[in-house]
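Here are some notes for a colleague who is meeting this structure for the first time. Please keep the sequence and the model in view while reading the points that follow.

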Amino acid sequence: MQNRLLLDLAERSAWTGAEAALGLAVVELADVPVWWAAPVALALASAKSWVAGRLGRKGTASTLPAAKDPASASI
């Protein structure tokens, strides 16, 4: 159970960090004010949600395949 929780926590943390970093990178490359990083990160989060809806198990926000998704595993 604890391994599944750690895997879920790691996946969520990695996605959040990647979205924030990509948001900052985009605004730096576009040479626009840094406050644009938040809307860019939100757009990336929406894209991640779209991908998760096609790859992961329905009803979860995971991009992991159902076999690896902690939310899919029986307790």
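1. In this predicted model, the residues of helix H2 that count as buried are Ala37, Ala41, Lys48 and Ala52. When one looks down the axis of H2, these buried residues fall within an arc of 55°, so they line one face of the helix.

2. The opposite side of the helix deserves a look as well, for the face of H2 turned away from its buried side carries the exposed residues Leu42, Trp50 and Arg54.

3. What do the buried residues of H2 pack against? Their partner is helix H1, which covers residues 2-30.

4. Because its relative accessibility is 12%, and buried means under 20%, Glu19 counts as buried. If neighbours within four places in sequence are left aside, Glu19 is in contact with Ala41, Leu44, Ala45 and Lys48; Ala41 and Lys48 are also among the buried residues of H2.

5. As for its length, H2 runs over residues 37-55, which makes 19 residues, and reaches 26 Å from its first C-alpha to its last, close to the 27 Å expected at 1.5 Å a residue.

6. Turning to the whole protein chain, there are two helices and zero strands, and of its 75 residues 20% count as buried. The accessible surface of the chain comes to about 5400 Å², of which 69% belongs to carbon and sulfur atoms. Among contacts between residues at least 6 apart in sequence, 34% join residues at least 24 apart.

Notes
Residues are numbered from 1 along each chain as its sequence is written. This is a predicted model: local features need pLDDT of at least 70, side-chain atom pairs count only at pLDDT 80 or more; totals for chains, interfaces and linings use all residues. Side-chain values use heavy atoms; hydrogens and water are left out. Helices (H or I, at least four residues) and strands (E, at least two) are DSSP runs, numbered from the N terminus. The expected span of a helix is 1.5 Å times one less than its number of residues. Buried means under 20% relative accessible area, exposed over 50%, partly exposed in between (1.4 Å probe, protein chains only). The arc is that of the directions from the helix axis to the C-beta atoms. Contact means heavy atoms within 4.5 Å. Accessible areas come from the Shrake-Rupley method with a 1.4 Å probe; for residues, only the protein chains shown count as cover.
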